[in-house]
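Hi everyone, thanks for coming along. Please have a look at the structure on the screen, and then I'll walk you through it.

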Amino acid sequence: MKITGGISIIGAGTMGNGIAHVFAQHGFKVSLVDVSQAQLDKAITTISKNFDRQIAKGTASDLEKRNALANITAISDMEKGVKDAELVVEAATENVELKLKIFGQLDRLAPTGAILATNTSSISVTKIAAVTTRPGRVIGMHFMNPVPVMKLVEIINGYETTKEVTDTIVELSTQLEKIPCVVNDYPGFIANRILMPMINEAIYSLYEGVAGVSEIDTVMKLGMAHPMGPLQLADFIGLDVCHSILNVLHDGFGNPKYAPCPLLVNMVMAGKLGVKTGEGFYKYEAGSKDLAVSERFR
Ligand SMILES: NC(=O)c1ccc[n+]([C@@H]2O[C@H](COP(=O)([O-])OP(=O)(O)OC[C@H]3O[C@@H](n4cnc5c(N)ncnc54)[C@H](O)[C@@H]3O)[C@@H](O)[C@H]2O)c1
């Protein structure tokens, strides 16, 4: 099966706008659905600005931008937004109850043959599929942030995902000029099963006074050729997101090695969530390009 027609994206936040950008840039008609009109408006503005950045770098043209924006319909009514979909990519807030509710609705509202994909970072694809009448057509399509830049799509086979559906999503990812990587559905899949314990260990190293924020990040950047240190990356992802993924790993495997570091737990409770709140391990001031360690860790 080859996807040629409508793509519906549920959720127009950080990931949803990036996913819409990439599909629309590759000629697909996209319905971008969100419960919040403000988020839809913001998403279209963000997509337009991100195209301007690509144009300045020479990786997209004005014509591509116009065509892509014309391919996107922003819509707040899910029923209208998914009625002609061949593929739905859900990128709503990372919350199990919400995702189960959305997949129940999608199963009722999207055409019977449509593939239902989730961009979840950690929630079980098998659990999500189980609330639908088509578990064989439910799959994980995990894009990385920022979507227009990052090459990987981690494709997650749920327990019942059919080979035809996996092959279709692999081919589609290649059409989007991404590199697909197929994995099975266990807590954290591959990306976060490996990344999150590393981030947690970096936070433990800080918590136990082994080294400071800059030293930990510098060792990993210069010593391991990571483009960004683990503490800066945690700020970028969001400390609340890191915390909830570690909890999924901890609950899913029942192994204490995945327990979130108490310092991470405290920072989340204090609302120091990283870039999105202006402070995490570093302090983020509007307009400043310098990376300054938060006062707390100096
Ligand atoms: N942020 C990342 O770096 C990242 C990376 C990979 C995967 N993910 C995953 O992508 C998904 C989205 O994350 P995000 O960072 O874009 O979140 P976000 O908070 O930026 O956006 C979520 C959007 O979902 C919308 N929403 C909530 N309920 C909805 C509903 N019932 N119907 C339609 N829209 C609804 C919200 O209004 C919001 O606009 C999550 O599952 C997350 O784990 C995030």
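Let me start with a term: a nonpolar core is a set of buried Ala, Val, Leu, Ile, Met, Phe, Trp, Tyr and Cys residues joined through C-beta atoms within 7 Å. Buried here means that 20 or more other C-beta atoms lie within 10 Å of a residue's own, with C-beta atoms placed from the backbone. This is a predicted model, so local features need pLDDT of at least 70 and side-chain atom pairs count only at pLDDT 80 or more, while totals for chains, interfaces and linings use all residues. Residues are numbered from 1 along each chain as its sequence is written.

So, to the cores. The largest one has 53 residues, and Ile9, Ile19, Ala20, Leu32, Val88 and Ile139 touch the most other members. Helix H1 gives the largest share of this core, six residues; helices (H or I, at least four residues) and strands (E, at least two) are DSSP runs, numbered from the N terminus. There is also a second, separate core of 27 residues, with Ile216, Ile237, Val241 and Phe281 among them.

On to helix H10, residues 230–237. Seven of its eight residues are buried, including Leu231, Leu233 and Ile237. Their cover includes helices H8 (191–207), H9 (213–224) and H11 (239–253), as well as strand E9 (282–283).

Finally, the domains, whose bounds come from an automatic or database domain assignment. Domain 1 spans 7–184 and domain 2 spans 191–297. Five residues from domain 1 and six from domain 2 make the contact, counted when C-beta atoms, placed from the backbone, lie within 7 Å. On the domain 1 side, that contact has no nonpolar, three polar and two charged residues.

Methods. Buried ≥ 20, exposed ≤ 12 C-beta atoms within 10 Å, placed from the backbone. Contact = placed C-beta atoms within 7 Å. Nonpolar A, V, L, I, M, F, W, Y, C, P; charged D, E, K, R; others polar.
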